[in-house]
Amino acid sequence: MKILVTGGTGFVGKVVVERLLARGHSIRVLARGTRPAPGGTCETVQGSILRPESLPAACREVDAVVHLVGIISEVGDQTFERVHTEGTRNMLHAAQLAGIRRFIHMSALGTRPEAVARYHRSKWEAEVAVRASGLDWTIFRPSLIYGPGDGFVGLFARMAEWSPVLPVIGTGQSRVQPVAVEDVGHCFASAPTTPASVGRTFDLCGPRSYPFDRVIRMILEATGRHRGVVHLPLPIARLQARILESVFPRILDQAPPLNRDQIQMLEEDNVGDPVPASEVFGFVPRSFEDGLARLFGRA
Ligand SMILES: NC(=O)c1ccc[n+]([C@@H]2O[C@H](COP(=O)([O-])OP(=O)(O)OC[C@H]3O[C@@H](n4cnc5c(N)ncnc54)[C@H](OP(=O)(O)O)[C@@H]3O)[C@@H](O)[C@H]2O)c1
C-alpha cells in the first residue's frame, strides 16, 4: 500500500515508518522540515497539518493515512487545540478530498470529553472528528511510550547521570502502564492491513501498571545508578511550570520543558486494557522490566 505518515519524524513516527517499510509498504512522510526526515526509501513532502493547502500534495495517490502528529507542550500557534483538533480535522478533510478510505489515528489514554488537561480534551475532540469522518478509521490510545530516544525514560536516565536525586511530582502514586515503542510500531504497521481493526479504538499499554514513583525507581535500577527520589509538592511544581510556560516560548521561542497540563496528567491514572489490541494484532505486550533491560543493554 502507499501510506502517508504524519509525525513520521518523531520518536514514535520513526519506528512506525521502519515497521511499515519492513512490511513492504511505500511510505510518504509529511514533514515541516524542522527535523531530519526518515531516510531510506521514504518519500518526503513538505507541509504542516496547520496549513491545509500543503496537504493535497501529501495525499495524492495514497491508500491510507497514519496520523501521528501530536504535541506535549505548546509554542506559538502550535497549541493543543490547533494541532490535535484543528490539525486532525484538516487531515481528515484532505483524506476525504483525495478519496482515501483508511485512516489510522494516534490518540492517548485518558482522552475524554470532561478531562481537565487540555491535551486530553483536544485529543478527544480529534477522536470525535475521526469517528464522524465516514472513513475506515482505527484509533489507538497509548499510555506512556518508552524506547530509544523517548522523552521520559531517557530524560530520567540522563538526569541520573549527573543529579544526586530524581524529582517526582506530587506523591507519585498515580499509576501508569508503560508500553514499548516497538509494540506501538507493530500495531500501527499492522492496522492498514487488518480489516478487523476498522471502526475500533484500542488502548495500547504494557501488561502491568505501576505507581509513577515505582517507574522512576525501576529506571534507576535499570541504569544501575543509586540515587535518591525527592517528591516535589504540587503547588511548587505548578508554580515552576507556570514560570517555564511564560519564559520558554516568549524568550527562547521553545516549548517549555514542563507545563501545567503535564502536571495535571501526572496526577491521574493512565492505565488501560492491553488485551483487545494484543488479540487483534497478534502480539504479546512487552513487560516494562524486559523493555528497560533491553534499553539499557542488560537483557
Ligand atoms: N510519547 C508518548 O509517551 C505518547 C503517549 C501517548 C500518545 N502519544 C502521541 O503519539 C504521537 C507521537 O508522539 P511522539 O512522542 O513521537 O512525539 P514527537 O517525537 O514530538 O513527534 C511529533 C511529530 O509531530 C510532528 N508535528 C508537530 N506539529 C506538526 C504540524 N503542525 N504539522 C505536521 N507535523 C507536525 C513533528 O514533526 P516535526 O519534525 O516537523 O517537528 C513530529 O514528527 C503524538 O500524537 C502524541 O500525542 C505519545
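1. A nonpolar core is taken here as a set of buried Ala, Val, Leu, Ile, Met, Phe, Trp, Tyr and Cys residues joined through C-beta atoms within 7 Å. In this predicted model, the largest such core has 73 residues, and those with the most contacts inside it are Val5, Val16, Val65, Val66, Ala95 and Phe188. Helix H3, residues 80-98, supplies the largest share of this core, namely six residues.

2. Val16 shows how parts of the chain that are apart in sequence meet: leaving aside its neighbours within four places, Val16 is in contact with Val5, Val66, Leu68, Gly185, Phe188 and Ala189.

3. As to the geometry of H3, its 19 residues should span 27 Å at 1.5 Å a residue, and the end C-alpha atoms lie 26 Å apart, which agrees.

4. Among the buried residues of H3 are Phe80, Val83, His84, Gly87, Met91, Leu92 and Ala95. The cover over the buried residues of H3 includes strands E1 (2-6), E4 (64-67) and E5 (102-106), together with helices H2 (55-59) and H4 (118-131).

5. Around the ligand there are 27 residues, of which Thr9, Gly10, Val12, Arg32 and Gly70 are the closest. Helix H1 (11-22), strand E2 (26-31) and H3 are the elements that give two or more residues to this shell, and the largest share, three residues, comes from H1. By residue class, the shell divides into 15 nonpolar, 10 polar and two charged residues.

Notes: Residues are numbered from 1 along each chain as its sequence is written. This is a predicted model: local features need pLDDT of at least 70, side-chain atom pairs count only at pLDDT 80 or more; totals for chains, interfaces and linings use all residues. A residue is buried if 20 or more other C-beta atoms lie within 10 Å of its own, exposed if 12 or fewer, and partly exposed in between; C-beta atoms are placed from the backbone. Helices (H or I, at least four residues) and strands (E, at least two) are DSSP runs, numbered from the N terminus. Two residues are in contact if their C-beta atoms, placed from the backbone, lie within 7 Å. The expected span of a helix is 1.5 Å times one less than its number of residues. A residue is near a molecule or strand if its C-beta atom, placed from the backbone, lies within 6 Å of it. Ala, Val, Leu, Ile, Met, Phe, Trp, Tyr, Cys and Pro count as nonpolar, Asp, Glu, Lys and Arg as charged, and the others, Gly among them, as polar.
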